[in-house]
Amino acid sequence: MATVVLIALLPGVVRGSWAATDEAGLRQAFEAVEARVKRGLASTREVEALADYPLYPYLVYEGLTRGLGLADAPAIAAFLSDYADTPLATRLRSRWLRWLYGHGAWETFLEFFQPTGYTAMTCRHLHALAAAGHEDAALARAPEVWLAGQSQPDECDPVFDLMERRGQLTPERVWERIGLAMAAGRPSLASYLKGFLPRADQAGVELWITVRRRPETILEGHHFRGDEGRARDIVVYGIGRWARRSPLRAARAWLQVRDRHGFSAAERSAVARTLGLYLYRRHPYEALDWLARVLSDEADEQVQRARIMGHAKVGDWQGVLGWLGEGSDADEEDSGRWRYWRARALEATGEDEDSRGLYGEVARLRSFYGFLAADRLDVPYQLNHRTMEPAPEVAARVRDLPALTRIRELYALGRDLDARREWHHLRSRLEREELEALAAVAHEQGQHFHAILALGRSESWDYLDIRFPLPHRDVVMARAKAQDLDPAWVFAVARQESAFAPEARSPKGALGLMQLLPSTAEGMARRLKARAMSRDLFDVDNNIALGTAYLRGLMERFDGHAVLATAAYNAGPRRVRSWLPDEGPLAADIWVEDMPFAETRKYVKRVFSYTAIYQSFLGESPTRLSTRMPAVAPGGSAG
């Protein structure tokens with residue numbers, strides 16, 4: 001398209017007044033010029049005619065990246081400075097650094113480099129340092145990329161070659177990485193790494209790999225002559241492998257070998273931790289004995305939870321009190337968690353006054369345990385809602401951000417991915433007050449996903465009308481009614497699954513608002529006799545229809561037990577069945593805190609908390625969580 005044609009597309013274009021022109025014509029002109037820039041046909045005059053259009057930086061980016069060369073360095077530096085507020089700056093820097101690395105322009109690479117957190121780029125940087133004559137600086141940071149339990153990108157090979165050439169790959173350092181590889185379940189990497197060891201040491205790696213396949217090898221003492229430190233590492237590893245298959249046999253094996261090789265207190269504690277956690281699911285009494293042997297400074301959250309909930313599961317509330325400290329936790333999801341369990345233990349041991357005092361503290365919180373504590377006292381839930389009122393100058397400054405204008409144009413052009421990149425980049429650059437104002441703007445625009453993420457980044461938890469919106473309300477209400485489900489529960493599931501992003505796509509392939517796997521969606525579509533629904537899971541109506549059908553199916557499968565159905569929506573029904581108690585019903589609050597998957601524990605707690613909030617926003621009095629959470633029976637029904 002010649003310049004005269006471009007101008008014909010842009011009647012009334014004057015620099016600085018693009019908004020007064022025909023928006024559709026400008027967008028058409030932008031797309032036409034961008035296509036010409038990508039093909040190398042656009043003149044400077046064509047591009048500059050759109051200098052005041054919000055997406056002008058995208059034209060400059062395409063022009064710069066079409067054919068990179070060292071002569072472009074000044075223009076690229078200018079772009080990175082002028083358009084630092086765009087995600088294009090990050091993308092351009094990455095492409096430019098890859099080009100410079102590939103062409104051996106080491107000094108220029110170092111001039112433009114900024115840390116990214118990506119291993120490949122870190123290794124490019126270290127290689128460039130060494131190639132530019134700064135080997136010592138490269139070697140000082142090289143262990144950071146060497147000490148990894150997985151294979152590193154090819155870009156790291158020159159760095160490792162430098163380490164080997166300069167004598168930095170000592171046997172100790174190689175063994176350290178072999179240990180990381182074995183712990184990460186990568187015996188092939190360990191086998192490769194043994195080539196960096198002296199021949200006399202290589203048999204130890206082969207023994208370690210053998211123990212991975214046959215843990216019982218640790219009982220054959222003749223294999224473990226020589227390096228006692230290495231023998232201890234392999235035996236501790238072998239106990240862990242054995243415990244995965246048969247924790248009781250692994251525990252007996254440890255009793256046979258624990259007096260060999262001079263195991264340290266820390267190593268004995270690590271074995272006790274491994275055995276205790278693997279025994280915990282099916283042998284709680286034995287598990288508690290092992291967990292009690294874990295050193296206090298090595299008792300992480302997983303050990304502490306197993307100790308406390310293990311005693312709660314078997315009804316030993318004095319044991320619960322024994323492991324609970326006086327402190328409180330303040331993270332948003334589990335706010336009040338251990339204070340709640342301390343109150344439960346005090347209540348169970350007859351200390352009613354103390355328990356009610358603790359319940360009262362926790363009941364002031366808007367959280368899963370805050371609501372459960374309120375149930376214990378039969379008092380209303382404290383939602384602690386605040387209304388967003390950004391300072392006028394902050395609100396005005398945020399509304400005038402060029403990024404928001406670019407986002408609007410990108411959506412108008414159907415470039416949702418670029419718009420999402422702009423949102424992400426914008427959030428990363430704002431302070432708390434600005435993020436709150438941004439959340440208000442996004443909420444007004446119906447961009448609920450981005451509003452929720454902005455408040456999450458600013459840790460502003462109390463603006464509930466923004467954090468818990470009611471998009472697609474008519475659809476949710478109708479589909480919930482059709483499946484005889486509580487609409488507040490459906491909203492809570494959708495809020496947790498996608499934060500109301502219709503285009504959401506998980507790493508495991510779940511799609512849309514309610515995050516359905518295509519296979520699940522197909523089954524629900526057959527159930528509804530509407531197979532066409534499963535063909536477009538990004539359609540909100542389809543997705544909600546199929547998601548509510550799946551929730552109904554889970555409720556039927558678990559005899560109407562909402563806790564189990566919620567857990568199954570996240571972890572799958574087969575897995576949830578495997579978590580059911582072996583003997584007798586278990587209180588639902590214990591069962592939830594005792595689930596082995598941290599993700600599913602958090603998921604269930606959030607969905608139940610969100611359900612109470614959504615009931616309030618739908619004009620209902622929140623149903624007591626304790627009413628929704630009957631005891632969990634061995635068969636999965638209410639106990």
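**Exercise 1. The span of a helix**

How many residues does helix α32 have, and how far does α32 reach from its first C-alpha to its last?

*Solution.* The structure is a predicted model, in which local features need pLDDT of at least 70, side-chain atom pairs count only at pLDDT 80 or more, and totals for chains, interfaces and linings use all residues. Residues are numbered from 1 along each chain as its sequence is written, and side-chain values use heavy atoms, with hydrogens and water left out.

Step 1. Helices (H or I, at least four residues) and strands (E, at least two) are DSSP runs, numbered from the N terminus. Helix α32 covers residues 540-557 and has 18 residues.

Step 2. The expected span of a helix is 1.5 Å times one less than its number of residues. For α32 the expected value is 26 Å, and the helix reaches 25 Å, close to that expectation.

Step 3. Consider next the two ends. At the N-terminal end, Asp539 caps α32, with a side-chain oxygen 3.2 Å from the backbone nitrogen of Asp541. Just after α32, Asp559 takes a positive phi of about 50°.

Step 4. Of the 18 residues of α32, 15 are buried (under 20% relative accessible area, with exposed meaning over 50% and partly exposed in between; 1.4 Å probe, protein chains only). The helix is thus described as mostly covered.

**Exercise 2. Buried positions**

*Solution.* Step 1. Asp594 is in helix α35 (residues 588-594). With 4% relative accessibility, Asp594 is buried. Its contacts are Tyr280, Arg281, Arg305, Met309 and Lys313.

Step 1. Gln615 belongs to helix α36 (residues 598-617) and is buried, at 2% relative accessible area. Its partners are Asp486, Ala488, Glu620, Ser621, Pro622, Thr623 and Arg628. Between Gln615 and Ala488 there are 5.3 Å in space, C-alpha to C-alpha, although the two are 127 residues apart in sequence.

Step 2. Phe491 lies in helix α30 and is buried, with a relative accessible area of 1%. Phe491 touches Pro469, Leu470, Pro471, Arg473, Val476, Phe500, Tyr614 and Leu618. Phe491 and Val476, 15 residues apart in sequence, are separated by 7.3 Å from C-alpha to C-alpha.

**Exercise 3. Positive phi in loops**

Is Glu459 buried or exposed, and is Asp484 buried or exposed?

*Solution.* Step 1. Glu459 sits in the loop between α27 (448-458) and α28 (464-467). Its phi is near 55°, a positive value in a residue other than glycine. A relative accessible area of 54% makes Glu459 exposed.

Step 1. Asp484 occupies the loop between α29 (473-482) and α30 (487-498). Asp484 is not a glycine, yet has a positive phi of about 55°. At 63% relative accessible area, Asp484 is exposed.

**Exercise 4. The whole chain**

How many helices and how many strands does the protein chain contain?

*Solution.* Step 1. The chain has 37 helices and 0 strands.

Step 1. Its C-alpha atoms fill a box of roughly 85 × 70 × 50 Å, taken along the principal axes.

Step 2. Of the 639 residues in the chain, 51% are buried. Among contacts with a separation of 6 or more, 59% join residues 24 or more positions apart.

Technical notes. Polar contact = N/O pair within 3.5 Å; in protein donor to acceptor, adjacent residues only side chain to side chain. Contact = heavy atoms within 4.5 Å. Lists of a residue's contacts leave out its neighbours within four places in sequence.
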